[in-house]
Amino acid sequence: MKIIVCAKQVPDTNEIKINPETGTLMRDGVPSILNPDDANALEMALEIKDNNPDTEITVISMGPPQAKVMLEECIALGADKCILISDRAVGGSDTWATSNAIAAAVRKLDGFDLIIAGRQAIDGDTAQVGPQTAEKLDIPQVTYVKEYKFSDDMKSVEVKRALEDGYQIIDVKLPCMLTAIKELNTPRYMTVDGIMRACDPNLEIKVWGAADIEVDLDKVGLKASPTNVFRSFTPKPKGKGVYIEGDTPKEKSQNLVTGLKAKHII
Amino acid sequence: MDFNPTKEQEMVRKMVRKFAETEIKPIAAEIDEQAIYPYATMKRAAELGLMGMPFPKKYGGSETDYISYVTAIEELSRVCGSHGVIVQTHCALCTWPILTYGTEEQKNKYLPDLCTGKKLGAFGLTEPNAGTDAAGQETTAVDMGDHWLINGTKIFISGGGIADVYVIMAMTDKSKGNRGITSFIIEKGTPGFYSPKHEKKMGIRGSIASELVFEDCKIPKENMLGKLGKGFKTAMTSLDVGRLGIAAQALGIAQGAFDETVEYMKNRKQFGKSLDKFQALAFEMANMYNQIEMSRLLLYKAADRRSQGLPSTLEAAQAKLACSETAMYVTTKAVQFHGGYGYIKDYPIERMMRDAKITEIYEGTSEVMKMVIAGSVFK
């Protein structure tokens, strides 16, 4: 089985600071990591490989050259190959442009049975690149996957899709795109042997430019991106919440109603 | 000279730190309190490849360099000194001598299981009357023609009773002193070999230390390790490797106590300000920070020399002396800066101080390290 995992290098924090003057993320001094949901996507691929040793896992990422460090960690975790799409021509891409580049890179590969992406990246939180890539490759997609079970012939997979108020069980034919959530699994640790493989001078992480993936230059990069960031800002923290006191549920609800009335909300 | 870690060393630190913080930190207090060997986390450590790092791939190792190896022990010890010493004893004092002095048959028989952590290794030199004066071995090995007969008692053996494979020193010819000592490989379960009692220790209580007793213990002729009469050399050269591991353990304990204290000082308020705003304390922390970094440089230098195959007996002794004294200094101050909280078991600091003390004693006391260093100065 051939699996492609989409991964992104992100700053290691949920409390990203924004430069108030430029409106851009302040990345200085913030260590970079493999995006947490993408780690779940890779873990799912590795589990499949544990059970089917002839599985080949290729991790694709798009980002600056230093994203190679994150891809080396993917190798140390057990991925077979990594490709980094890195080119000034794709810099500043929004989700639409990014998915154009990733879909183009996938087309350059020697086929696939399954693409797994993380639900969303902790820096942008859009959850769009996976689904958009699936659309552009014209394959079915299931997002928010928390459980999965392959058919005996490995030609389809039954997945449990988490929703806010429950779940769906969907049977989907391969090839398809799944996006992983953190409830799907617990990502493994790197191993010493994996690290040694990642440090092997013979291992080369392929860096592909726009020309290598043969993507239309008017479909990638900042200028081609339909999304314009109007303003980025740190929202003001909400005031401290009020704890409704009371010995019984009835008393608590009475106190709540009194409070709401006092504020003329009801 | 390059002071930057390699990609390999950096990734090893990141991986072991994550493993230690996630899996070991939550159980460190419990294994200390109850003095229980951490089977589950040691199994996980073995699966991650921490039991055979610097050894050849041919025998199941990973062929890392020695800085990566000491980095792993340092990171384990940063949260739990017991885990650090278990890995180091296994690697330096059992796997290393079998790799270095074993026959091809012995290497093929023991190393794959040791390097992958399927079996745990231990080392037996110390006896009731042979501590620092290790040449005073009273355990005897008698050549009975078709087997060796071992009799005697070893004490304070790390991993005793838990480990599967033991490298044991015994006197084969008392008249020859040091040159009458020979080393042997003895397996757990050999009739006449048992470990009757676990020691009740001050620190590293998750690493079990036991007495080993040999009573007419018959072992096959092929279990002699190295040449007849060369056991003292086997022990001393193994201890050179062991000193890197203990230095790393001490360094990790110091770093762990330091990191805890930094966080504590930022949050603890007295007289209306946090402790880090008191210059007397902050300046002492600056000293501790420096001592840790100086010790680390000595350790990495010694480890780098071993990776390169250069002599490192002196450098390992320097590193071990510096790191263990730093561990005692830093943990004692860390308890002091935690005040009453440092003295109770709600915080890990008192455990770290108890764990630190042994690093000045085993694998050669600080006094022995000074003998080695002074011997080099006045040669």
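A salt bridge is a side-chain nitrogen of Lys or Arg within 4 Å of a carboxyl oxygen of Asp or Glu. Glu360(B) is buried, at a relative accessible area of 15%.

This is a predicted model, in which local features need pLDDT of at least 70 and side-chain atom pairs count only at pLDDT 80 or more, while totals for chains, interfaces and linings use all residues. Residues are numbered from 1 along each chain as its sequence is written, chains are lettered from A and ligands numbered from 1 in the order in which they are written, and side-chain values use heavy atoms, leaving out hydrogens and water.

Over all chains, a search of the whole structure finds 40 salt bridges. Some of them are listed here.

| Salt bridge | N to O distance |
|---|---|
| Glu73(A) and Lys14(B) | 2.7 Å |
| Arg44(B) and Glu47(B) | 2.9 Å |
| Lys370(B) and Glu325(B) | 3.9 Å |

Lys370(B) belongs to helix 11 (residues 366–377) of chain B and Glu325(B) to helix 8 (residues 313–338) of chain B, so this pair ties together parts 45 residues apart in sequence. Helices (H or I, at least four residues) are DSSP runs, numbered from the N terminus. Lys370(B) is partly exposed at 42% relative accessibility, and Glu325(B) is partly exposed at 35%.

Arg44(B) and Glu47(B) both lie in helix 2 of chain B, 3 residues apart, or about one turn of the helix. Arg44(B) is partly exposed at 28% relative accessibility, and Glu47(B) is partly exposed at 45%.

Between the two chains, the contact (heavy atoms within 4.5 Å) takes 20 residues from chain B and 13 residues from chain A. About 1400 Å² is buried between them, with carbon and sulfur atoms giving 67%. Buried area is the accessible area (1.4 Å probe) that two parts lose on being put together, summed over both. Of the area that chain B buries against chain A, Lys7(B), Met11(B) and Lys14(B) supply 39%, more than any other three residues.

There are 2 salt bridges between chain B and chain A. Helix 1 (7–34) and helix 2 (39–47) of chain B each supply at least two residues of the side touching chain A. The largest share of that side, 10 residues, comes from helix 1 of chain B.

Note on methods
Buried < 20%, exposed > 50% of the residue type's maximum accessible area, 1.4 Å probe, protein only.
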